[in-house]
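The conventions are given where they are needed.

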Amino acid sequence: MQQLSFVSLLDIHKNLKELFLQHQEALLDGDLTRAGKRLNEFEGRLLHHIWEEEEFLLPVYERAGAIPGGPPVLFTGEHKRMQELLAGFQRALSSLTQDPDGLKRGILWLLDRQATFKNLMEHHDLREANILYPALDRVTSEAERREILARCGTACP
Ligand SMILES: [Fe+2]
Ligand SMILES: [Fe+2]
């Protein structure tokens, strides 16, 4: 039987990345309504994933002790930065809807800002894939992994 692994959570990252690209595609189409819907959906799912990691995973990760390049505060700091950038995108999007004349330049400006965010997401994804999730696999039993992963699939804040 295949062993359960926290690395399976990378599927959530993949889905998030796809949703963000859909938001950017809508921006390129100049469709602010669709862009806003996708961004809201992305934000909801990202915040939920962050909540799960901070609520269920990081407390267990503490058992692994000090890991170079992976103190818990680094993960929570990146989560916070992602949320701040996202809040900025929401504000930018709502001001775009109020300025139809400056729409194209506004969209270009927003896409430039989002490049930073995508780099951060990529970096965070790698750090979790290489450090957080494998360390969680090391410090948990199969039964505990099953229990935590099941909670990650269903729990809501
Ligand atoms: Fe995370
Ligand atoms: Fe994650």
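## Helices and overall form

The expected span of a helix is taken as 1.5 Å times one less than its number of residues, and helices are DSSP runs of H or I with at least four residues, strands being runs of E with at least two, numbered from the N terminus. This is a predicted model, in which local features need pLDDT of at least 70 and side-chain atom pairs count only at pLDDT 80 or more, whereas totals for chains, interfaces and linings use all residues. Residues are numbered from 1 along each chain as its sequence is written, chains are lettered from A and ligands numbered from 1 in the order in which they are written, and side-chain values use heavy atoms, with hydrogens and water left out.

The chain has five helices and zero strands, so that, by the DSSP definition of these elements, its order from the N terminus reads α-α-α-α-α. Along the principal axes, the C-alpha atoms fill a box of roughly 60 × 30 × 25 Å. Helix H4, with 37 residues, reaches 51 Å from its first C-alpha to its last, which is close to the 54 Å expected at 1.5 Å a residue.

## The iron site

Donors are N, O and S atoms within 2.8 Å of the metal (3.2 Å for Na, K and Ca), and sites may look incomplete because water is not among the atoms.

The iron ion (ligand 2) lies 3.3 Å from the iron ion (ligand 1), and Glu 53 coordinates both. His 49 and Glu 53 are four residues apart in helix H2, about one turn of the helix. A residue is buried under 20% relative accessible area, exposed over 50% and partly exposed in between, computed with a 1.4 Å probe on protein chains only; His 49, at 4%, is therefore buried, and Glu 53 is buried at 1%.

On a 1 Å grid over the protein atoms alone, a cavity is a set of points where a 1.4 Å probe fits but cannot get out, and its lining residues have an atom within 4 Å of a point. Points are joined across faces, edges and corners, and a volume is the space filled by probe spheres set on them. One cavity of 30 Å³ or more is found, and the largest cavity has a volume of about 110 Å³. Of its 13 lining residues, the closest to its centre are His 13, Leu 16, Leu 46, Met 121 and His 124. Helices H1 (10-28), H2 (32-61), H3 (72-96) and H4 (103-139) each give two or more residues to this lining.

## Buried residues

Buried residues make up 39% of the 157 residues in the chain. Leu 46, placed in helix H2, is buried at 3% relative accessibility, and its C-alpha atom is 17 Å from that of Leu 149, 103 residues away along the chain.

Leu 9, in the segment before H1, is buried with a relative accessible area of 5%, and its C-alpha lies 12 Å from that of Ile 50, at a sequence separation of 41 residues. Met 82, in helix H3, is buried at 1%.

Note on methods: 1 Å grid on protein atoms, 1.4 Å probe; cavity = no way out; pocket = protein on both sides within 12 Å on 5 of 7 lines; lining within 4 Å.
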